[in-house]
Amino acid sequence: MNKHAIFEAMYARRSIRKFTDEPVDDVQIEEMLKAAMAAPSATNTQAWRFLVVQDAAKLDSIRKILPFGKINAPLAISVCADMSIFKRPVVSRFWVQDCSAATQNILLAAVGLGLGAVWCGVHPIPVIEPRIHKLLGLPANVKALNIIFIGHPAEEKEARTQYDAKKVFRDQYGVDW
Ligand SMILES: Cc1cc2nc3c(=O)[nH]c(=O)nc-3n(C[C@H](O)[C@H](O)[C@H](O)COP(=O)(O)O)c2cc1C
């Protein structure tokens, strides 16, 4: 494991919102999905489901629905959860965390492939969720966490952490680290 490479990827991951028209090829899409499905999930349920959208009209409709997602990318992946496969209701409550872990892996995989990406929130926004649900043809047992727009970047952002020692405490909340 190359320590430097993993930190470099985490700091290089930035929200990219401007893209070229160049499509993302299927091999790269599959690589991102493999990374997504390497994520941890509560009791390893892996309820995540991934809807890959490349249809131009559908991408346009997504952009119309998302108030902060007017982003011209050639690809969107919606990270969803099949709520019907959870055996225990208490575990199903972790669907957001499971799908978020998968989402972060997609964002990092995009960095590794030289692509850019941005996570656009869907859940838990009541005015957006049902519209995305309908547009993507999700069955009643499936929830969408987000839309990740992905493409070849047409903007550059500096790598960075937002490390702030004031947000870290030692042994008891409020005690400086
Ligand atoms: C749950 C969540 C929802 C987000 N929704 C949007 C969104 O709707 N539109 C957007 O442009 N960015 C969205 N973002 C991206 C954030 O704005 C971005 O991560 C933040 O400004 C920090 O910038 P960075 O990603 O470049 O580090 C979202 C991020 C998260 C984690």
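Helices (H or I, at least four residues) and strands (E, at least two) are DSSP runs, numbered from the N terminus. In these terms the protein chain holds six helices and five strands, and from the N terminus on its elements run α-α-β-α-β-α-α-β-α-β-β. The radius of gyration, taken over C-alpha atoms, is 17 Å, close to the 16 Å that the globule rule gives for 177 residues, so the chain is as compact as a globular protein of that length; the rule itself is 2.2 Å times the number of residues to the power 0.38. The model is a predicted one, in which local features need pLDDT of at least 70 and side-chain atom pairs count only at pLDDT 80 or more, whereas totals for chains, interfaces and linings use all residues. Residues are numbered from 1 along each chain as its sequence is written.

Burial was assigned from C-beta atoms placed from the backbone: a residue is buried if 20 or more other C-beta atoms lie within 10 Å of its own, exposed if 12 or fewer, and partly exposed in between. Buried residues make up 27% of the 177 residues in the protein chain.

Within α5, the buried residues are Trp95, Asp98, Cys99, Ala102, Thr103, Ile106, Leu107, Ala109 and Ala110. Of these, Ile106 touches Met32, Ala35, Ala36, Ile77, Ala117 and Ile148, not counting residues up to four places away in sequence, where contact requires C-beta atoms, placed from the backbone, to lie within 7 Å. After α5 comes Gly114, whose phi is positive, near 75 degrees.

In the segment after β5 lies His152, which counts as partly exposed because it has 19 C-beta neighbours inside 10 Å. Leaving aside residues up to four places away in sequence, His152 touches Phe19, Thr20, Glu22 and Leu115. The C-alpha atoms of His152 and Ala110 are separated by 9.4 Å, although these residues are 42 residues apart along the chain.

Terms used:
Contact = placed C-beta atoms within 7 Å.
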